[in-house]
Amino acid sequence: MEWCVSMPKIELHVHLNGSIRDATLLDLARALGDKGLIDFSQVEHVILKNDRSLSEVFKLFDLIHIVTTDHSSITRITKEVVEDFASENVVYLELRTTPKKNDSLGMSKRSYVEAVLEGLRAISSVDVAFIPNSEEPVNLSSTLLSDASDKCNGNTRKKIFVRLLLSIDRRETTEAAIETVMLALEMRRFGVVGIDLSGNPAVGEWTTYLPALMFARQQGLYVTLHCGEVSNSKEIHNMLDFLPQRIGHACFFEEEHWRKLKSSNIPVEICLTSNIRTLSVPTIDAHHFVDLYNAKHPLVLCTDDSGVFSTSLSNEYKIAASTFGLGQKEMFELSKNSIEFIFADDVVKEVLRKTFDSAAKSLT
Ligand code: 5GP
């Protein structure tokens with residue numbers, strides 16, 4: 001299924017720190033070990049463990065954050081993550097991350113996001129368009145993203161649109177959540193388009209985040225919520241009643257939740273490998289992807305945490321195609337339809353539609 005790699009793809013659910021390369025994580029951990037700040041042998045064992053439950057995944061994130069949360073590491077990871085997605089022909093990427101404050105490193109939520117932006121600016125091997133209304137530098141309108149690449153000085157250059165979502169961690173207070181929304185508003189001109197609610201679903205209350213999410217919406221930011229990762233019927237109802245522009249996962253939905261979701265037509269970010277690895281769905285063929293797909297409900301295939309779950313978007317496409325018996329044409333349509341659920345403006349959507357139309361000509 002080479003075509004899963006070569007076809008243009010849209011990726012809308014990517015956590016920055018969950019998408020770190022294994023090699024980079026080990027590299028950063030080793031450097032901290034050399035300074036005597038962590039016990040590398042213990043950390044190496046945790047990093048290389050492959051099967052983790054959802055609660056173990058959140059323990060791993062705490063470890064990843066100890067290793068990665070300084071400005072230069074965040075810049076490096078951002079650069080590498082975007083390069084990795086571009087290399088497999090992702091032509092539009094929404095990257096989400098939780099702005100972090102760490103006084104001992106002189107890190108504020110703002111300087112954290114600035115480090116992310118620095119990572120986007122540092123990319124030279126790929127043409128990255130992340131500043132809204134000024135996409136010309138990558139010459140998108142004239143060359144489009146046509147084959148997701150063009151020839152430049154004999155090298156194949158990939159082109160990718162990137163937009164940022166700032167995540168609210170469920171451990172945060174209402175005030176901290178509002179601070180993140182204020183920061184997102186300030187950073188809109190640098191491609192921040194929305195807010196995500198994520199973090200350990202066993203922690204926190206919906207009412208804590210609601211004021212920040214309502215404020216975000218009033219101010220015109222898009223909102224996507226991690227919804228139904230654990231069985232919590234009341235919270236799922238509250239989240240669906242909020243009418244976010246998208247939700248992620250939807251694993252522990254009951255009949256009435258499906259009814260509400262389908263009648264409100266809220267697009268679902270589907271993360272197959274993540275859901276299997278965290279045991280959120282029992283088996284791949286029992287995954288709700290198939291029901292939503294058959295019902296023509298809006299959905300988009302995503303990786304969630306390509307580093308933590310050792311996957312890629314092309315791999316997610318392969319898994320969906322082989323498990324549910326979908327061919328190249330169906331998968332291409334699925335990918336193209338995702339354009340309608342992105343949080344960027346109509347100009348970007350139009351460029352992407354043309355990109356897909358152009359790529360459709362080479363479908364076998
Ligand atoms: P970061 O925001 O630090 O760049 O990415 C890692 C963070 O994303 C984790 O600490 C967690 O808050 C969030 N995250 C990553 N994967 C998942 C997931 O599958 N479910 C939820 N609820 N949150 C996640």
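**View 1. Helix 15 and its cover.** What covers the buried residues of helix 15 includes helix 1 (2–6), strand 1 (9–15), strand 10 (299–301), helix 14 (313–324) and helix 16 (346–360). The model is predicted: local features need pLDDT of at least 70, side-chain atom pairs count only at pLDDT 80 or more, and totals for chains, interfaces and linings use all residues. Residues are numbered from 1 along each chain as its sequence is written. Helix 15 spans residues 328–337, and its buried residues are Met-331, Phe-332, Leu-334, Ser-335 and Lys-336. Buried means 20 or more other C-beta atoms within 10 Å of a residue's own, with C-beta atoms placed from the backbone. Helices (H or I, at least four residues) and strands (E, at least two) are DSSP runs, numbered from the N terminus.

**View 2. Strand 1 beside strand 2.** Seven of the seven residues of strand 1 are buried, so strand 1 is largely enclosed by the rest of the structure. Five bridges join strand 1 to strand 2 (residues 90–97), and the two run parallel. Strands pair if DSSP finds at least two bridges between them. Val-14 stands opposite Leu-95 in strand 2.

**View 3. Strand 6 beside strand 7.** Strand 6 (residues 192–198) has seven of seven residues buried, so the rest of the structure largely encloses it. Four bridges join strand 6 to strand 7 (residues 222–227), again a parallel pair. Leu-197 stands opposite Leu-225 in strand 7.

**View 4. Contacts of Ile-270.** Ile-270 touches Phe-289, Leu-299, Val-300, Leu-301 and Cys-302, not counting residues up to four places away in sequence. Contact means C-beta atoms, placed from the backbone, within 7 Å.

Conventions. Buried ≥ 20, exposed ≤ 12 C-beta atoms within 10 Å, placed from the backbone. Contact = placed C-beta atoms within 7 Å.
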